[in-house]
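Please look over the sequence and the structure below.

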Number of protein chains: 2
Amino acid sequence: MGINVKSKWKVAGGILSQYEHQSTSTKTGMTFSVFVPGDVPGDAKIPGIYYLSGLTCTDENFCQKAGAFSSAAKHKVALILPDTSPRGTDIPGEHDSYDFGSGAGFYLNATEDKWSENYRMYDYVCVELPKIVLDNFPIDPDRVSIMGHSMGGHGALTIAMKNPTSYKSVSAFAPICNPSKCAWGVKAFTGYLGADESAWLEYDAVELMKSFGPFKFEILLDQGSSDNFYQQKQLLPEAFEQACNEKGQVLKFNMQAGYDHSYYFISTFVPDHIDFHANFLLDN
Amino acid sequence: MGINVKSKWKVAGGILSQYEHQSTSTKTGMTFSVFVPGDVPGDAKIPGIYYLSGLTCTDENFCQKAGAFSSAAKHKVALILPDTSPRGTDIPGEHDSYDFGSGAGFYLNATEDKWSENYRMYDYVCVELPKIVLDNFPIDPDRVSIMGHSMGGHGALTIAMKNPTSYKSVSAFAPICNPSKCAWGVKAFTGYLGADESAWLEYDAVELMKSFGPFKFEILLDQGSSDNFYQQKQLLPEAFEQACNEKGQVLKFNMQAGYDHSYYFISTFVPDHIDFHANFLLDN
């Protein structure tokens, strides 16, 4: 199915475009953005990095606040920015809280009746959107990486581990590492997947690492020490670090003193993350 | 009078803080933000750059969207971000339009009765805020520059020309260069200064350049060619360029193909602007 341009901007010598389309995964309209750097020869294929956003965000937060485009332009890497949930449905309770329902799809395929028709962000991000991206943009399918923030960091880690040959490298800013063990995750998984905790494990980065690690790709993880959600034990990066250590997974885990959970933290370290991915995506 | 911290973030190795205080110029509460880079020795004085925002903005737009802090941190230069108008008053008509009243102070001292009590953003930015900044932050009063966007570009150009020894360098993104001759300016000047156009000239960058140029400081001006406000002749940079040429003023005027009026344009060129100012603010 076709995609329609909603908006287009020149930035950092490239073009940032926002698209809308009808999603077969979520059975709703969906919006995403793509940044394509400038000076790409007409027939060249370039690498792409997916960025998955956190709770309450759309595709626009990263575009407006991360300051990432100059780094992507420097490496001639495209960025793909999906939304965080289906939109335009009005399932009872969908818009009642910031951490469940709209803006909070948790990058999974819901199985509970109420949500299973539309809340299929795992399929959307892993299957449907990549096909759309390859059909419409000059992106090399063999040179793709993934990163994300908070709920999107959870998405990046779990999607990469569930599709270990699809991504060259994985990184996360303050990810929800162990959702089965934190309040955000328990609420979301109970709602979307039901009370049987065994169904939660396939969407829990710590559990996936324990079951299937180590992986060929390297993982970069930055966490701010002054992040209130880290302090409230919503993120639990140490559990992920421990699982990586036990399995021999290559992980660079940086505790960044004084940084919080905001885009000021992301904007500070996003050049490092794009450099990290470029190292695996580019020949040089 | 004292200033109170509203918010504080670590970003790019430095600290971005937002303050509120009672302004003697506007007789209202006012908010501003300051970025102080990290690794500044305890007793050192560093240079500072004021950034004046455009219509509808507060101090926060630049902070969140410009991606400027890594450049400021690189040069160890502070950034000072004022708001664009008095806040908290409810003068009849003040909140009716985006281009007059709240969010649209035009960096002048109003003389019309209705506005003259509070709309004194010229005094606020030129006199009151610099004193507060020097009293509270490690900024060298002899190494200060100024820049701005759109209405704030107008502010930066006119304030610098009216205070030619106060700023080492001046730059602007898509400034309103000749407000006496564009719809935005005519509306604002008529409202704040009255119908007598002779009173408008002291707040018009083209007229100030014609009357008092050339100035010792250099001026950098970037304009996007796809900026709809440029195309609608709200900005008139060519008139400013012509006045500079006639007076022998050093001006770097870059027409940037394909860029619009948004923060995507600003974020692309803000490193160039901070590099430009650093060239005059730093010894190296």
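**The pockets and their surroundings**

The residues lining the largest pocket divide into 24 nonpolar, 20 polar and five charged. In this count Ala, Val, Leu, Ile, Met, Phe, Trp, Tyr, Cys and Pro are nonpolar, Asp, Glu, Lys and Arg are charged, and the others, Gly among them, are polar. This is a predicted model, in which local features need pLDDT of at least 70, side-chain atom pairs count only at pLDDT 80 or more, and totals for chains, interfaces and linings use all residues. Residues are numbered from 1 along each chain as its sequence is written, chains are lettered from A and ligands numbered from 1 in the order in which they are written, and side-chain values use heavy atoms, leaving out hydrogens and water.

The largest share of that lining, six residues, comes from α10(A). The volume of the largest pocket is about 960 Å³. Of its 49 lining residues, K65(B), A66(B), G67(B), Y263(B) and S267(B) are the closest to its centre. Both chains supply elements. Those giving two or more residues are β1 (3-11), α1 (59-65), α2 (69-75) and α10 (263-281) of chain A, with α1 (60-65), α2 (69-75) and α10 (263-281) of chain B. Helices (H or I, at least four residues) and strands (E, at least two) are DSSP runs, numbered from the N terminus. A pocket is an open set of points on a 1 Å grid over the protein atoms alone, where a 1.4 Å probe fits, with protein on both sides within 12 Å along at least five of seven lines; lining residues have an atom within 4 Å of a point. Grid points are joined across faces, edges and corners, and a volume is the space filled by probe spheres set on the points.

The second largest pocket holds about 400 Å³ of space. Its lining has 21 residues, and the closest to its centre are C57(A), H149(A), H261(A), S262(A) and Y263(A). Here α1 and α10 of chain A and α1 of chain B each give two or more residues. The largest share, three residues, is from α10(A). By class, the lining has ten nonpolar, ten polar and one charged residues.

How are the two chains related? A rotation of 180° with 0.0 Å of shift along its axis superposes chain B on chain A, with an RMSD of 0.0 Å. The same surface serves both: 100% of the contact residues of chain B recur in chain A. Contact means heavy atoms within 4.5 Å.

Now turn to H149(B), in strand β6 (residues 139-149) of chain B. H149(B) counts as buried because its relative accessibility is 5%. Buried means under 20% relative accessible area, exposed over 50%, and partly exposed in between (1.4 Å probe, protein chains only). Beyond four places in sequence, H149(B) touches residues including F173(B), H261(B) and Y263(B). A polar atom of its side chain lies 3.0 Å from the backbone oxygen of H261(B).

Next is Y230(B), in helix α8 (residues 228-231) of chain B. Y230(B) is buried, at 19% relative accessible area. The side chains of Y230(B) and E238(B) are joined by a polar contact of 2.4 Å. Such a contact is a pair of N or O atoms within 3.5 Å; within protein, one must be able to donate a hydrogen and the other to accept it, and residues adjacent in sequence count only if both atoms are side-chain atoms.

Definitions and conventions. Copies are superposed by least squares on the C-alpha atoms of residues with pLDDT of at least 70 in both.
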